[in-house]
Amino acid sequence: MSFPFDPGMFKDLFETPFGRNLWAYLNEERTILQMETATTLRRPALEPLEETLVEKFDEEIRADRAKQLCGRMARQIMEREGYLYDRGGVPITNKILFSSAARYKKRG
């Protein structure tokens, strides 16, 4: 099931094939499960996705604006799934794509 995304200042990037494909990937059941597992382990939600993001989106995902879009998408997905923003700028272990990202916590 596809959920609406509020792209905010990323509307132009979201409306490209890259933006649409990124949203579709981040909404896959397996991807959401990985983000939730990372959150349970008190790690940034995007941390386990780094390698796959690079494999799937190659150079497009490496642009700062694309990574920011990815973070905005992840936040909306996590909030939809019942999580709250906990802290930004949490260091990423492998630093394949991100040096830091947001961490979430279960609502309630």
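Tutor: One cut-off before we start: buried means under 20% relative accessible area, and exposed means over 50%. Tyr25 has a relative accessible area of 4%, so Tyr25 is buried. Keep in mind that this is a predicted model.

Student: OK. Which ring pairs with Tyr25?

Tutor: The ring of Phe57. The two centres are 6.3 Å apart, and the planes sit at 65 degrees.

Student: Why is that pair called edge-to-face?

Tutor: Planes over 60 degrees apart count as edge-to-face. The Tyr25 and Phe57 planes are at 65 degrees, so the pair gets that label.

Student: What parts does the pair tie together?

Tutor: Tyr25 belongs to helix 2, while Phe57 is in helix 4, residues 50-57. The parts are 32 residues apart in sequence.

Student: And Phe57, buried or exposed?

Tutor: Buried, at 8% relative accessibility.

Student: How many aromatic pairs does the structure hold?

Tutor: Five. One of them is Phe5 with Trp23, with ring centres 4.8 Å apart. Their planes are at 35 degrees, so this pair is tilted.

Student: Where do Phe5 and Trp23 lie?

Tutor: Phe5 is in the segment before helix 1 (11-14), and Trp23 is in helix 2. The pair therefore ties together parts that are 18 residues apart in sequence. Phe5 and Trp23 are both buried.

Student: Which cluster do ring pairs link?

Tutor: Phe5, Phe14 and Trp23.

Student: Switching to charges. Which ring does the charged end of Arg75 sit over?

Tutor: The ring of Tyr85, with the charged end 4.3 Å from the ring centre. Lys106 has its charged end over the ring of Tyr83, 4.5 Å from the centre.

Student: How many salt bridges does the structure hold?

Tutor: The count is 11. In general, side chains of opposite charge can pair when their charged atoms come close.

Student: What is the partner of Arg43 in its salt bridge?

Tutor: Glu47. The closest N and O atoms there are 2.9 Å apart.

Student: Is Glu47 buried or exposed?

Tutor: Buried, since its relative accessibility is 15%. Arg43 is partly exposed, at 24%.

Student: What about Arg62, what does it bridge to?

Tutor: Arg62 forms a salt bridge with Glu59. Their closest N and O atoms are 3.6 Å apart. Glu59 is exposed, with a relative accessible area of 55%. Arg62 counts as partly exposed, at 36%.

Student: And which side chain meets Glu81 in a salt bridge?

Tutor: Arg80, at 3.4 Å from N to O. Glu81 is partly exposed at 28% relative accessibility. Arg80 is partly exposed, at 28%.

Student: Which residues are linked in a network of salt bridges?

Tutor: Arg42, Asp86, Arg103 and Lys105.

Student: Last topic, Asn27. Where is its place?

Tutor: Asn27 sits in the loop between helix 2 (17-26) and helix 3 (29-40).

Student: A loop residue, then. Is Asn27 buried or exposed?

Tutor: Buried, because its relative accessibility is 15% and the limit is under 20%.

Student: What does Asn27 touch, not counting residues up to four places away in sequence?

Tutor: Phe3, Ile32, Ile77 and Arg80. Arg80 is also the residue that meets Glu81 in a salt bridge.

Conventions:
Residues numbered from 1 in each chain as written. Predicted model: local features only at pLDDT ≥ 70, side-chain atom pairs only at ≥ 80, totals over all residues. Heavy atoms only, no water. Salt bridge = Lys/Arg side-chain N within 4 Å of Asp/Glu carboxyl O. Buried < 20%, exposed > 50% of the residue type's maximum accessible area, 1.4 Å probe, protein only. Helix = DSSP H or I, 4+ residues; strand = E, 2+ residues; numbered from the N terminus. Contact = heavy atoms within 4.5 Å. Phe/Tyr/Trp six-rings, centres within 6.5 Å; stacked < 30°, edge-to-face > 60°. Lys NZ or Arg CZ within 6 Å of the ring centre and 35° of its normal.
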